[in-house]
Amino acid sequence: MPEKILTNEDLSRIVDTSDEWITTRTGIKERRVAAKGEDTSDMATEAALKALEQAKISAKEINLILVATATPDMLFPATACFVQKKIGATNAACLDISAACAGFLFGIEIAQQFITSHTHDTVLVIGADKLTSITNWTDRNTCVLFGDGAGAAILGHRGSAHGVISTHIGSDGQFSDILFMPGGGSRCPITRDNVDLNLATIHMTGKEVYKQAVTAMVSASQKVLADAGLTADDIACVIPHQANLRIIEGIADRLQIPLERFYVNLDKYGNTSAAAVAIALDEANRSGRIKHGDYVLLVVFGGGLTWASTIVEW
Ligand code: UT7
């Protein structure tokens, strides 16, 4: 996580909002903001190095790097290539995944496919986003929601039964216009004339996104539970996308899993997009919240629309 903290109080001095509104509507109290010159690949690199240390392997053993991000350092080359250079993973192929907030779990599914087909056996999956670089700081509907950060995981063959046991990814392009960034791509390059229109920032229809998020994350969770032959009672910890506490409460209610079994850290970080579940998984692991043998359900949702779910036997 970047060091700089931006609190709700700080935001209330930038736009017409309040700590009370942000807390009651979202659960967010503060978020992190990358420093000038701290790029998505820098946060991704920090996360990758911590994952390598924990996995006790060298960067040279990685043969595929997947970076899920909506805020790549540049449109090309892939941010994964910058990470490769920074960590010295000279034996890796590199690519970025564009699945917005759902990208990290898309990465887990892609990694799993490469691993089970024996194409690449040691895969570094990173979720990294610097959403503050595409935030419209005059739009109170969106600017209070997002923060920056990165998380990483290394996947490989396991001798035991433990590991990723069920995955699901899905999309619905019909809703591509409720959460998007209209400018900056080939359809609408940023020009001298349109630079004041805030086109290269997040545009969102919040209420519709909210509704779709609950529906998609509930059905994605039910799908991986059924595929794994498990029920909600078997899940020791749910790690949901960290967008809004009310969305998480809605999922908990519909899945009939007590809220206490959900890992929530959005109060500290806001919505860090593709990084959110990766950061939460790491915190839950390092704090002992998830233990060897636990079934962990990860479930995410993002622009596209995209959604994904994974069950891991830890
Ligand atoms: O990774 C996925 C990313 N996106 C999401 O997850 C977003 C999902 N949606 C949400 O989380 C919620 O819809 C929001 C938090 C964005 C908004 O909450 P809401 O309960 O749906 O509020 P609303 O949009 O219906 O707005 C209610 C009122 C409006 O005022 P009026 O029209 O009732 O007078 C807004 O203008 O709240 C106003 N408002 C604010 N007031 C103070 C909107 N943003 C703010 C703000 N501070 N920051």
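A polar contact here is a pair of N or O atoms within 3.5 Å; within protein, one must be able to donate a hydrogen and the other to accept it, and residues adjacent in sequence count only if both atoms are side-chain atoms. This is a predicted model, where local features need pLDDT of at least 70 and side-chain atom pairs count only at pLDDT 80 or more, while totals for chains, interfaces and linings use all residues. Residues are numbered from 1 along each chain as its sequence is written, and side-chain values use heavy atoms, with hydrogens and water left out.

**Stop 1: the ligand**

Select Thr 17. An N or O atom in its side chain is 2.6 Å from a nitrogen atom of the ligand. Go on to Lys 207, where a polar side-chain atom lies 2.9 Å from a ligand oxygen. Then pick Asn 244: an N or O atom of this side chain is 2.8 Å from an oxygen atom of the ligand. Taken alone, the ligand exposes 950 Å², and the protein buries 76% of that (Shrake-Rupley areas, 1.4 Å probe).

**Stop 2: the shell**

Now show the 21 residues around the ligand (a heavy atom within 4 Å). Thr 17, Arg 25, Arg 140, Lys 207 and Asn 244 come nearest. Color by type: 9 are nonpolar, 7 polar and 5 charged. Nonpolar covers Ala, Val, Leu, Ile, Met, Phe, Trp, Tyr, Cys and Pro; charged covers Asp, Glu, Lys and Arg; the others, Gly among them, are polar.

Helices H2 (19-26), H6 (140-143), H7 (206-228) and H8 (245-255) each supply at least two shell residues. H7 gives the largest share, 4 residues. Helices (H or I, at least four residues) and strands (E, at least two) are DSSP runs, numbered from the N terminus. Color by domain next. The ligand lies between domain 1 (4-160) and domain 2 (164-313), because both give residues to its shell; the bounds come from an automatic or database domain assignment.

**Stop 3: the largest nonpolar core**

Select Met 217, Val 238, Ile 251, Phe 262, Leu 297, Phe 301 and Ile 311. Of the 42 residues in this core, they touch the most other members. Such a core is a set of buried Ala, Val, Leu, Ile, Met, Phe, Trp, Tyr and Cys residues joined through side-chain atoms within 4.5 Å. H7, E10 (235-240), H8, E11 (295-302) and E12 (306-313) each supply at least two of its residues. H7 has the largest share, 9 residues.

**Stop 4: Thr 306**

Finish in strand E12, at Thr 306. Its relative accessibility is 7%, so Thr 306 counts as buried (under 20%; exposed is over 50%, partly exposed in between; 1.4 Å probe, protein chains only). A polar atom of the Thr 306 side chain lies 3.1 Å from the backbone oxygen of Gly 303.
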